[in-house]
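Here is a short briefing on one structure.

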Amino acid sequence: MLEIQRKTRVVNGVNPDQLPLDKLMEAEEPVIFRKMAVSWPLVQQGLLSPAAAMDYLQAFYSGKPLVTYMGQPEIKGRFFYKRDLSGLNFSTEWMYLESVFERILQNFGKDLPPSYYIGSTSIDGYFPELRRENDLIASSEPLARHAPLASIWMGNRTVASAHFDMSNNIACCAVGRRRFTLFPPEQIENLYPGPLEPTPGGQIVSMVDFDNPDYEQFPRFKKALAAAQVAEMEPGDVLFYPSLWWHQVEAIDDFNVLINYWWNPVPGYLDTPMNTLMHGLLSLRGRPDQEKRAWKALFDYYLFDSAEKAAEHLPKHTRGYLAPLDKVGARRLRALLLKRLNR
């Protein structure tokens with residue numbers, strides 16, 4: 001395990017309705033809220049035994065098959081690429097919850113079990129009514145205002161390699177222990193991102209094996225470690241981390257459940273910036289350096305400086321796409337881009 005000195009800040013005694021989301025996002029730092037969700041029935045069942053937690057979840061299960069990731073013992077729970085990067089080191093199968101739980105139980109206590117992982121799964125779609133008893137949104141007005149998406153993650157001892165998410169995240173450790181290793185967004189270069197596609201879970205991942213880092217192949221990873229922090233979570237703990245922070249997630253026990261909430265405080269009609277990045281690969285990356293420097297200045301002026309700067313000297317009736325964007329403007333801009341891309 002990596003030796004990282006900095007531990008994520010821990011706050012005790014905060015109730016869900018006191019969650020200071022605006023301050024958290026302004027501070028742009030991860031925070032653990034110790035035992036914020038410890039009263040959840042799911043957490044309490046997990047503290048009794050893994051089997052009790054499984055029975056509790058089964059009572060809410062819709063009966064629909066779930067996408068399940070499975071890996072052989074030799075991957076040691078790390079869902080990643082094959083050694084030669086010719087593909088992924090695990091398989092995917094639609095399975096019923098009881099079958100997944102049965103396989104996990106059969107491998108309890110083994111030093112090197114096969115890996116089973118049910119990734120980001122809609123709680124409302126697959127576990128109706130679970131949130132009636134186990135939910136932060138209902139008890140936290142600050143969180144409810146953002147109407148976040150709620151997902152559940154289940155499995156045995158697994159590792160989600162370091163990656164980033166577009167959204168702000170609140171992760172609730174419900175059953176078992178978890179360890180998050182977190183890096184600020186500017187460490188991307190030092191984390192050696194992998195292929196844009198395929199990816200193990202839909203997001204770009206770091207190519208560094210945190211259990212056995214190769215500093216000859218990845219020397220800048222030492223700089224990333226200097227900026228890293230570790231969040232050690234017990235059942236009932238709640239972790240906030242901002243959008244675009246890199247994070248590796250280790251599920252430590254024989255059975256683990258996490259519930260998380262994702263949100264972005266922006267209108268739904270805004271497109272994903274990842275599409276912009278992909279278009280940049282198509283339109284910018286291959287240009288001469290002097291052109292790229294000029295385009296960087298244009299992007300700073302139109303995108304990364306204040307939204308008003310580029311249009312403040314223009315009469316309102318001439319601002320066009322530089323005016324504040326709304327649903328209608330977004331629709332028109334998207335239509336224009338589609339027309340130009342389909343040339």
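Which residues form a nonpolar patch on the surface? W295, L298, Y302, L303, F304 and L322 do, with about 610 Å² of accessible area together. This is a predicted model, in which local features need pLDDT of at least 70, side-chain atom pairs count only at pLDDT 80 or more, and totals for chains, interfaces and linings use all residues. Residues are numbered from 1 along each chain as its sequence is written, and side-chain values use heavy atoms, with hydrogens and water left out.

**Surface**
- Y302, one of the patch residues, lies in helix α10 (residues 289-304).
- Y302 is partly exposed, at 43% relative accessible area (buried is under 20%, exposed over 50%, partly exposed in between; 1.4 Å probe, protein chains only).

**Interior**
- L97, V100, F101 and I104 are buried in helix α4 (residues 97-106).
- These residues cover an arc of only 95° around the axis, so they sit on the same side of α4.
- F127 is among the residues with the most contacts inside the largest nonpolar core, which has 49 residues.
- Beyond its neighbours within four places in sequence, F127 is in contact (heavy atoms within 4.5 Å) with residues including L57, L97 and M154.

**Charged pairs**
- The structure holds 17 salt bridges (a side-chain nitrogen of Lys or Arg within 4 Å of a carboxyl oxygen of Asp or Glu).
- In one of them, E250 meets R179 at 3.2 Å, N to O.
- E250 lies in strand β13 and R179 in strand β10 (residues 178-183), 71 residues apart.
- E250 is buried, with a relative accessible area of 14%, and R179 also counts as buried at 14%.

Conventions: Patches are made of residues with over 30% relative accessible area and no salt bridge: like charges are joined within 9 Å, nonpolar side chains (Val, Leu, Ile, Met, Phe, Trp, Tyr) within 5 Å. Accessible areas come from the Shrake-Rupley method with a 1.4 Å probe; for residues, only the protein chains shown count as cover. Helices (H or I, at least four residues) and strands (E, at least two) are DSSP runs, numbered from the N terminus. The arc is that of the directions from the helix axis to the C-beta atoms. A nonpolar core is a set of buried Ala, Val, Leu, Ile, Met, Phe, Trp, Tyr and Cys residues joined through side-chain atoms within 4.5 Å.
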